[in-house]
Amino acid sequence: FAMSLPLMGPHRVWIGLWKDKAIRRSLQRSTRWQSSPGGMLDKGAHLRPRPASRVPTTYIPHVITPTEDLVERLVKLDIKSRPLHVDVFGLPRRQIAQEILHLVRKIVFPGIFADNHRVNDSNLKYHLGMLTSELKQVVEDQVTRAILHSWKDTSPKASQECATRAKKISLDFLEALPHLRQMLQEDVDAAMHGDPAARGHEEIILCYPGIEAIFIYRVANTLHRLAVPLIPRIMSAYAHSRTAVDIHPGATIGKAIFMDHGTGIVIGETAVVGRNVKLFHGVTLGSISYQDGRTMAGVKRHPTIEDEVTIYAGASILGGGTIIGTGATIGGAVEVTTSVPPGHMVYQPPLGLSFRPAKP
């Protein structure tokens, strides 16, 4: 009760309460409040700290101050091997890259991800206009940072040129939003037609990890095709951490892809996926291993999946020369390193199963 007294208002109310014997005794028993020598609270009475306790407090270990020698050894790194990210302006921010995704999601799925207000026909134009204006500023700032870092040039001339290029990229990115929205709508429709458990488009958009993964991929891929460094990879890493789907932003994926369940799907940088492709969980569209991976940079290392292909759970399709023809079906848990003709099915012969009564 004594702790609530400061909320009771003016000083004259405190004096009135102090005259009440029961309240006064309660205050006098409290170890957190102390009265004035005159028997009433001081005009400037406040909450004072408790007296020191004889009970041992939690042990706090002694903090050893780093020696100057250690600091010097940490600072004196070879300038050739030191990462050039000591300047805080030189790198885009992961949190703001995620904010770009949140803004785009509100634009392409208006109303579903609105903040604290209802979006309808009367305010939709204002809603989208406000979001696109904010998106342009954020994209322009982060792209400037990314380009400046990739150039590793902090001169005023480079900064100005980066800002000019980032402004054009941000405008091109905004112009791509209508196409991006249409692609995502077809992805949602593919999930609706491909999953008998789906109950509606809103459920798919809100609940399906495959849709979230393909949404982030399509945003990152748009920036990747605009030659934006680093930010697309930040976005794909974010998608991987949220959905367990790993899609490189450089991959080419056609319309109406459906990733059923999603978990564990991997699509490499040079993979090409056609239209109306259905992938189950655990599918890998990957590359074979090389002794020196850097020698294969820029070379097609991942397979091509043509239109209307279905690939079941756990299948691995490897190699840049591997082509899965239109309408083919790849069974679960198989590894494919050679091309499959259109309309064919690849599967493992069923293993012999043994049955015996369970022990009682």
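Biologist: What pLDDT does the protein chain average?
Modeller: This is a predicted model, where local features need pLDDT of at least 70, side-chain atom pairs count only at pLDDT 80 or more, and totals for chains, interfaces and linings use all residues. Residues are numbered from 1 along each chain as its sequence is written, and side-chain values use heavy atoms, with hydrogens and water left out. pLDDT is the predictor's confidence in each residue, from 0 to 100. Here 77% of the residues score at least 70, and the chain average is 84.

Biologist: Over residues 31–46, how many contacts are there beyond near neighbours in sequence?
Modeller: The pLDDT is below 50 there. Counting a contact as heavy atoms within 4.5 Å, the model gives this stretch 30.

Biologist: Which residue's side chain does E212 join in a polar contact?
Modeller: E212 sits in helix α9, residues 209–225 (a DSSP run of H or I, at least four residues; strands are E, at least two; both numbered from the N terminus). A polar contact is a pair of N or O atoms within 3.5 Å; within protein, one must be able to donate a hydrogen and the other to accept it, and residues adjacent in sequence count only if both atoms are side-chain atoms. At 2.5 Å, the partner is R242.

Biologist: Is A333 buried or exposed, or in between?
Modeller: A333 lies in the loop between β12 (329–330) and β13 (335–336). Buried means under 20% relative accessible area, exposed over 50%, and partly exposed in between (1.4 Å probe, protein chains only). At 48%, A333 is partly exposed.
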